[in-house]
Amino acid sequence: MAVTIDRTTSSRCAPPQPARLSLTPAPGGLDGMWWPRSRAFTRELPSLTAALGDLWGRITSVTVHPAYWPVLPHWVSYAGRTVQVGWSTEEQDPHRLTLFSADGRRDVLVIPPETGADAAAQLMVGDGVDASAREQAADRIDARNREEAWEDDGGAGRPSSRPRPIGAAGPSPAGRRR
């Protein structure tokens, strides 16, 4: 059997893309908005901490809500630095990321990565929208994405509109309800 080796691709990891970030403070204690490209926290956090390091000082730890991050490590290492990762389901809002540095604490709204470019741009600009309205918009986006994933993965689907024959035994064409 012949083996082909493609030497055009590198075995090294590609450098992280710049963080999609808006540092416009908003009412409700938000210091900015972050639109990650994926839900891979270990891949997304390095670009965020690199972007914020010059502005807010070296980020030493973050706290997140685990609801929307499938894997949360205890720490993330990048460029010779380590950032501790903590999580809380009770004290942390699911759509916020709290960053800690020597300069203090900062909160950013996390815009779901699945958000379309236009909707994300509106959330990042804000136009006088307060923090709770932005969080509600992010929550609606997450709910819509979960519903679409459920449908795409063979979830409930739409019930059949065919009527059940009169006197027919067994389950209806739409399926048995439990």
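A: In this predicted model, the second largest pocket is lined by 13 residues, and Thr49, Ala50, Arg58, Tyr78 and Arg81 are those that lie nearest its centre. On a 1 Å grid over the protein atoms alone, a pocket is an open set of points, where a 1.4 Å probe fits, with protein on both sides within 12 Å along at least five of seven lines, whereas a cavity is a set from which the probe cannot get out; lining residues have an atom within 4 Å of a point. The volume of the second largest pocket is about 200 Å³, taken as the space filled by probe spheres set on the points, which are joined across faces, edges and corners.

Residues are numbered from 1 along each chain as its sequence is written. Local features need pLDDT of at least 70 and side-chain atom pairs pLDDT 80 or more, while totals for chains, interfaces and linings use all residues, and side-chain values use heavy atoms, with hydrogens and water left out.

Two or more lining residues come from each of α1, β4 (75-78) and β5, these being DSSP runs numbered from the N terminus (helices H or I, at least four residues; strands E, at least two). Helix α1 gives the most, with 5 residues. By type, the lining divides into 8 nonpolar, 3 polar and 2 charged residues, where Ala, Val, Leu, Ile, Met, Phe, Trp, Tyr, Cys and Pro count as nonpolar, Asp, Glu, Lys and Arg as charged, and the others, Gly among them, as polar.

Strand β4 also holds Val76, which counts as buried because its relative accessibility is 5% (buried means under 20% relative accessible area, exposed over 50%, partly exposed in between, with a 1.4 Å probe and protein chains only). Leaving out residues up to four places away in sequence, Val76 touches Thr42, Leu45, Pro46, Arg81, Thr82, Val83 and Val85, contact meaning heavy atoms within 4.5 Å. Although Val76 and Thr42 are 34 residues apart along the chain, their C-alpha atoms are separated by 6.1 Å.

Leu45 belongs as well to the largest nonpolar core, of 17 residues, and is one of those that touch the most other members, as are Trp34, Phe41 and Leu48; such a core is a set of buried Ala, Val, Leu, Ile, Met, Phe, Trp, Tyr and Cys residues joined through side-chain atoms within 4.5 Å. The elements that give two or more residues to this core include α1 (41-56) and β5 (81-87), and its largest share, 5 residues, comes from α1.
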